[in-house]
Amino acid sequence: MTLAAALGVSLRSFNSASSFPFIHCSALFTRQITMDAKSVASQLKSSGLLRTQGLIGGKWTDAYDGKTIEVRNPATGEVIADVSCMGQKETNDAISSAYNAYNSWSKLTATERSKSLRKWYDLLVAHKEELGQLITLEQGKPLKEALGEISYGAGFLEFFSEEAKRIYGDIIPPALADRRLFVLKQPVGVVGAITPWNFPLAMITRKVGPALACGCTVVIKPSELTPLTALAAAELSLQAGIPPGVVNVVMGNAPDIGNALLASPQVRKITFTGSTAVGKKLMAGAAGTVKKVSLELGGNAPCIVFDDADVDVAVKGALAAKFRNTGQTCVCANRILVQEGIYEKFANAFSKAVQNLQVGDGFSDGVAQGPLINEAAVQKVESFIQDATSKGAKVILGGRRHSLGMTFYEPTVISDVNNDMLISREEVFGPVAPLLRFKTEEDAIRIANDTTAGLAAYIFTNNIQRSWRVSEALEYGLVGVNEGLISTEVAPFGGVKQSGLGREGSKYGMDEYLEIKYVCLGNMNSS
Ligand code: ADP
């Protein structure tokens, strides 16, 4: 039975005659799968979490012209669903709904908003298994990682439900005796939130959590590659009692939706996670109506392993920082800089660890690395490796498409990389670990900072003074010391230089959705 038959909604089976350019996976590979896409989708449908329409003003809505787009499982190429393909008109209606809802949502007490967000968090946690499966289905990451994303993503709603109650103002000592000066913090207004495919839930909650906590309402545009998780989360927002119009979701024609959000004077803030190129367009576009902007853009994370590092800690940290999500995160280690005294030892131990990474469908047991998101992503990886090897780099592990076919790529380590190769200049966004050799601490800092990006950096050292010195010298927004996984809802996430503007998560994440108002009470000495 096909998915369409199993589900009876606008889902349809993979048509082998379609233009999808991938080869089929092997029989061995199929047998290894512990959970199949069809049963996952059926389960989601029966729990009401498999939504395929946009959400406008609390109503599930088709594209006005009836158009749909396909969402595919990157591990198999199978079409999971056809979702509404929306554009400017639907976006304008979503903006109007958010604008109308803003009036009442922003006037609720902090405690009322906090309770709704907490309820939404509780529902995400209650549906953790199904949501995790949905992420694996449309994004490809191993189920264990997907479940981790649900906990991480839900955590933003919990954290910001608490922060909602702490939007404190100030009382300023006046310069004139008959005045009293106050600072109020008020919500920005309607927020347009544009999110990527690599964290289909967490990149939404990291934005929408603080926005709603502050009293803003939102129009979310998830990636067209992974809209199903966003729609499921939006369904749960309704079930949590968050009023219609507070959370809206439109997806489809990205530039049309983006331009409608940018053009509208009712949208007061754009928050975006994605490529630097699109971020720059949005920043320029926001100038027309002078919107507030936060941008989480591409990184080029250095992972620096000093001679005095604990090799086991460094291998474990670098492995996590490089290979999670198949290397498809903006904080993934993009360059592994290793000091010459430890280079051979680290390279050997690291390659062994990489060799043990099991590649396969995210639903298979024991899989540590799933597919890349699509064929274009694989081609990018291939072109970066080709550029590096043509300039003297050596492939010491992997370096080819995986025998599973499709979008699977072998976990790869390349050595003799230098900072002039494409792979050191831009994010590879794939399972390729380039090793660069350096001599001194000064060299490491110079090489690490020799990039226009500045999101995450990692250092491995057992020298406490060095860890401070280097952390301070790195031109990055986040630094992990002896740790490769550092993102958490309680700490600020964001980049410097061309990696972006603003911070998400933590108490600082609230500021992005608040305006500061100064109120002066005059003539206070008259009776
Ligand atoms: P990636 O390469 O990681 O997919 P993108 O920056 O292309 O990163 O995509 C991130 C998000 O930005 C996605 O939701 C995508 O649809 C959206 N997007 C892409 N182009 C535009 C655009 N011109 N205007 C608004 N959103 C866009």
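**Around the ligand and inside the protein**

Trainee: Which elements each supply at least two residues of the shell around the ligand?
Mentor: Those are α10 (254–263), β10 (267–273) and α11 (276–286), with α10 giving the largest share, 3 residues. The elements are DSSP runs numbered from the N terminus, helices being H or I of at least four residues and strands E of at least two. Bear in mind that this is a predicted model, where local features need pLDDT of at least 70, side-chain atom pairs need 80 or more, and totals for chains, interfaces and linings use all residues. Residues count from 1 along each chain as its sequence is written, and side-chain values use heavy atoms, leaving out hydrogens and water.

Trainee: How many residues surround the ligand, and which are the closest?
Mentor: A residue is near if one of its heavy atoms lies within 4 Å. Here 16 residues surround the ligand, with Thr195, Trp197, Lys221, Glu224 and Ser275 the closest. Ligand oxygen atoms lie 2.7 Å from a polar backbone atom of Thr195, 2.8 Å from a polar side-chain atom of Lys221 and 2.6 Å from one of Ser275.

Trainee: And empty space?
Mentor: Rolling a probe the size of a water molecule over the atoms shows where it is left.

Trainee: Which residues line the largest cavity?
Mentor: A cavity is a set of points, on a 1 Å grid over the protein atoms alone, where a 1.4 Å probe fits but cannot get out; lining residues have an atom within 4 Å of a point. The lining of the largest one includes Tyr152, Asn198, Arg206, Arg324 and Phe493. Thr329 belongs to that lining and also to the lining of the second largest cavity, together with Lys322 and Glu427, among others.

Terms used: Polar contact = N/O pair within 3.5 Å; in protein donor to acceptor, adjacent residues only side chain to side chain. 1 Å grid on protein atoms, 1.4 Å probe; cavity = no way out; pocket = protein on both sides within 12 Å on 5 of 7 lines; lining within 4 Å.
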